Every structure is written in structure tokens, then in C-alpha cells.
Amino acid sequence: MPVTLSAKLLGDESPRFWLRCVVAILMFIYFEMGYSWAKRHGADTTIYDAATALDAWLPQLPVFIIFYMLGYLFVFSPCFTLKRKQEFYWGTCCFFLILSISFLIFKTFPVAMDKTIAMGADGLSKLTRFQQENDTRFNNFPSLHVSLNLFAFLIFARHHKNWFWIILPIPCLIIASTVLVKQHLVADMIGGIVVALLAYRLFLWLLNRAPCPAWLPFTLVIATVTAVIAYNHQRLAKIGRIVEKFTEQTLTSIPPWIGIALLFIGLGWWWGVKVWQQKRHNQV
């Protein structure tokens, strides 16, 4: 069946794979540049302390750095799971809003955290320490790790309702990791959850009641992100080095037995999903 012009513009056709990849790359670079901009504060900037007794009580568990790192990948799942262009366009716009509003909060309401540095000699402690030392003590509230990954999960679950309880542990572990590797305060986590829920409500509203076609704001978002990247193009090489360092440190810090265990857990999870789906299909 030929694709009509309205389908191309109004969102009835599935986005091309290359477009999904381009959007994911642009958003990642925008995140890095915005994060770097937000952490720069003047000497007269008021720094806020949101630490509570609960933060001091929670233990540091370096094993959770595995799930913290997983959050850097899971966050982009909507780029490859949203089926229709209209959903993809509005999802991208909401993703952009989460980032942009968070950057402004980081800049105007900086919450600092005196991180408990992981001092162990094992690989997971080294990876946790590497993450902590290469991060900033600012840019905490709201937690982007929480807001973006929870938003990604809600979008994924909307299309795959049968997978809700199967996938739910992933965002839960990622959210828990933010406080258990001492990257965030409890207040940051709660703030991230609120932002994600508001963004998801906005996403649903835009799908049903948006006053304009989705491709218009999507085009504006992509143009804005591209302009920001072009203006700060000198940082691209540094971002490349950051990605290289994090990839190398992750691969060398996680013990092989953990990688093998995760592989078997993943295969077992995949097999269990297939069996569960087959049983449901037979019942229907």
C-alpha cells in the first residue's frame, strides 16, 4: 500500500531506523553539553543542601553500579520502541523538555552532594569511584538518571503492557542505584520521579489533544539541539574522550563472572518471557 503524504507528515508511518539513531545521538550529545553548562557556577551562587538522615543511613553498595551504568542505555529505549511517528515525535519533544528544564534547575537551584567515595579495591568499587570522580557534585536535583529512565519505562510499558511486570525490575534497580552508589540524594530521586510522571502525562496529553501536528515541534527541537551542538562543536572531541574512558573503565572493571552471570540471567529471562507468552497465547 503506498504511503500518503499525510501519513508521512502526521505520524501514521513508522520512523526509519536511521532517524531513530540520529535522534538518540543528538540527544546524547545535547545531554553532555547541557550537563557541562549547568555545572558551572559563579562564586556568588547559592548552593543548597538537601541531605537527610535517610541519605546517611542508606549503605553504599558498589554492585549497584552495574544498574547505574545500565541506565545510560535503557534511557534511549523509546527511540527504538515507539512505533508511530506521532508518538516518536512527541516522545522526543518530552525527552528534550526533561533535559532542558532539568538543566535550568541545575543552574538556578544547584543542590550539592558530598559523595561518599567508594574506596574498595575490587572492580565494582573502582568503577563506582571512577563514576563519582568524573561526575560533578552539583547537577543532582532532580535526578536525570531517575526521570529519563522512568519516562522511558512508562513509554515502553504503554506499548507492551504484557511486559510490564517483567521489565519493571529494570527501572526500579536503576532508580535504587542512584542512592546506593551515592550519586544522588533521596530528594533527587523523588524529584526525578515527579518529573518523569509529569512528562509522561504531558506525552499522553500531546498524543490526544495537541494543538498542532507533532512534526512541527519535533522539527523545532531537532533544529534547536543541532544549533546548540554546532555552537559548542569544540566540545565534541572531549565528549568522544569521555565516552571512550567510560567504556574502557566499564569493560575492565566488571569481573568476567558477573558478565557471564548477567548473560545467563538475560537468556533465562528471555526464555521465561517466551514461555510465558506462549502460555498466554494458548489460553486465548
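Student: Which helix does Phe246 lie in?
Tutor: Phe246 belongs to helix 13, which covers residues 236-253; helices here are DSSP runs of H or I with at least four residues, strands are E runs with at least two, and both are numbered from the N terminus. This is a predicted model, in which local features need pLDDT of at least 70 and side-chain atom pairs count only at pLDDT 80 or more, while totals for chains, interfaces and linings use all residues. Residues are numbered from 1 along each chain as its sequence is written, and side-chain values use heavy atoms, with hydrogens and water left out.

Student: Is Phe246 buried or exposed?
Tutor: Phe246 has a relative accessible area of 17%, so it counts as buried (buried is under 20%, exposed is over 50%, and partly exposed is in between, with a 1.4 Å probe and protein chains only).

Student: And what is Phe246 in contact with, sequence neighbours aside?
Tutor: Beyond the residues within four places in sequence, Phe246 is in contact (heavy atoms within 4.5 Å) with Met69, Phe130, Gln131 and Asn134. Asn134 is 112 residues away from Phe246 along the chain, yet their C-alpha atoms are separated by 9.3 Å.

Student: OK, zooming out: how many helices and strands does the chain have?
Tutor: The protein chain has 14 helices and 2 strands, and 45% of its 284 residues count as buried.

Student: Switching to helix 8, how many of its residues are buried?
Tutor: Helix 8, residues 144-159, is mostly covered, with 14 of its 16 residues buried.

Student: How many cavities of 30 Å³ or more are there?
Tutor: The structure holds 1 cavity of that size, 30 Å³ or more, and about 90 Å³ of space lies in the largest cavity. A cavity is a set of points on a 1 Å grid over the protein atoms alone where a 1.4 Å probe fits but cannot get out, and lining residues have an atom within 4 Å of a point; points are joined across faces, edges and corners, and the volume is the space filled by probe spheres set on them.

Student: Which residues line the largest cavity?
Tutor: The lining includes Val23, Met27, Val75, Phe88, Phe95, Phe151 and Ile155. Helix 2 (17-38), helix 5 (77-81), helix 6 (85-108) and helix 8 are the elements that give two or more residues to this lining, and helix 6 gives the most, with 4 residues.

Terms used:
Expected span 1.5 Å × (residues − 1). 1 Å grid on protein atoms, 1.4 Å probe; cavity = no way out; pocket = protein on both sides within 12 Å on 5 of 7 lines; lining within 4 Å.
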